[in-house]
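Reader: I have a structure open and would like to learn how to read its features. Could you walk me through them?

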Amino acid sequence: MAVPKQHRAAQVVGKDKLQVNTVDTPTPGVSEVLIKVSASGVCYSDHFAAAGIMGPGAEGKIVPGHEVVGHIVAAGAGVAKEWAENTLVGLGWNGGYCGTCANCRKGDFTACAGGRVTGITQNGGHAEFVVADQSALVRLPEDAGMSHAEMAPLLCAGNTVWEALQCSGAKGGDVVIVSGLGGLGHLAIQYARKLGFYVVAVSGSPDKEELAKKLGAHVYFSAKDDLKKEIKEKLGGAAAAIATAPSAEAISSLVPLLGRRGMVVVVGVPTDGKPIEVNPMDLISSIGGVRGMTCGYAAENEASIRFSVQHGVKSMVTEYPLDKAQEAYDDVMGGKPRFRNVIVFK
Ligand SMILES: [Zn+2]
Ligand SMILES: [Zn+2]
């Protein structure tokens with residue numbers, strides 16, 4: 001396609017302030033492609049860019065967005081043949097890796113010393129066009145059975161909870177708790193069910209039982225229920241607990257519910273800024289643990305998206321036009337969206 005010389009992008013211009021500006025369309029450099037964006041999910045982590053906590057923030061007029069879906073429209077020198085024009089690709093949190101630093105040489109690409117993060121250290125997808133390194137590209141199916149808006153959140157929210165379930169040590173038939181029923185939790189329940197776990201949904205809200213069960217939970221408990229009795233005593237404890245609720249208290253409450261060798265996997269950052277509390281006896285008696293997990297790199301994202309397409313795991317989304325990027329962002333920061341907000345381009 002003919003690439004326009006300029007395009008529109010939502011840039012960070014102040015703390016938590018986005019502005020849609022007309023900017024020059026970049027030319028892809030060595031090993032880079034230019035992507036015409038069709039959908040870009042708004043993640044709570046956009047805050048790292050918009051508040052200048054990571055990356056150049058307002059000073060660099062960074063464009064947030066690390067759940068990006070679009071087609072390649074141009075390729076720079078040295079780009080592999082498979083990333084040809086018109087290929088549908090995704091971009092997640094990992095903005096590419098060097099392949100030569102100590103961590104990359106150990107195969108730990110998300111820990112690349114280059115520290116490239118889409119929409120944080122380099123421009124992301126809240127724009128009509130974005131440049132990406134080929135090492136960050138996620139191949140997406142054209143016949144996924146879901147819209148680009150529905151696919152976008154799978155690139156960060158979806159992959160993060162997928163990786164959490166993969167690293168948890170839980171096996172088919174095991175009891176797995178999903179704590180929290182928002183953007184991450186509603187995907188975690190679907191993955192956990194389709195992976196063959198006995199899925200226990202726990203939420204702070206008492207009115208989410210119907211939703212949790214519709215998404216695939218076998219049982220539902222409100223945080224006010226006697227969880228120790230229901231999960232630890234009656235079910236023998238959880239092999240894994242995926243902590244998506246952004247609350248230190250909610251995360252801490254999962255540790256006493258672990259069964260033998262159980263693992264709490266933390267993926268939600270507490271918005272109250274409080275540390276989690278763990279009673280050592282709970283860890284020793286279960287010989288369990290608490291660990292964190294983040295979004296994976298491109299090939300790991302392809303695996304979780306392949307699974308999502310095969311098993312119909314979909315994100316529930318609210319679509320916004322680029323002009324309403326600020327509204328979509330504020331909504332997420334205020335914890336208002338039921339699931340995921342996605343900026344879409346027609
Ligand atoms: Zn994210
Ligand atoms: Zn590296």
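**Reading the model**

Author: Let's start with one residue: beyond its neighbours within four places in sequence, alanine 250 is in contact (heavy atoms within 4.5 Å) with Ser179 and Ala245. This is a predicted model, where local features need pLDDT of at least 70, side-chain atom pairs count only at pLDDT 80 or more, and totals for chains, interfaces and linings use all residues. Residues are numbered from 1 along each chain as its sequence is written, chains are lettered from A and ligands numbered from 1 in the order in which they are written, and side-chain values use heavy atoms, with hydrogens and water left out.

Reader: In which helix does alanine 250 lie?

Author: Alanine 250 belongs to helix α8 (residues 248-252). Helices (H or I, at least four residues) and strands (E, at least two) are DSSP runs, numbered from the N terminus. The protein chain has 11 helices and 15 strands.

Reader: How is the protein chain divided into domains?

Author: The bounds come from an automatic or database domain assignment. Here they give domain 1 (6-156 + 296-344) and domain 2 (158-292). Over C-alpha atoms, the centres of the two domains are separated by 28 Å.

Reader: What area is buried between domain 1 and domain 2?

Author: Buried area is the accessible area (1.4 Å probe) that two parts lose on being put together, summed over both. Between domain 1 and domain 2 it is about 1600 Å², with carbon and sulfur atoms giving 59%. Phe307, Arg338 and Phe339 supply 29% of the area that domain 1 buries against domain 2, more than any other three residues. In terms of contacts, 20 residues of domain 1 meet 19 residues of domain 2.

Reader: How many salt bridges are there between the domains, and how many in the whole structure?

Author: Side chains of opposite charge can pair when their charged atoms come close. The cut-off for a salt bridge is a side-chain nitrogen of Lys or Arg within 4 Å of a carboxyl oxygen of Asp or Glu. The count between domain 1 and domain 2 is zero, while a search of the whole structure finds eight. One of them joins aspartate 133 to arginine 116, with the closest N and O atoms 3.6 Å apart. Aspartate 133 sits in strand β6 (residues 129-133) and arginine 116 in the loop between α2 (102-105) and β6, so the pair ties together parts 17 residues apart in sequence.
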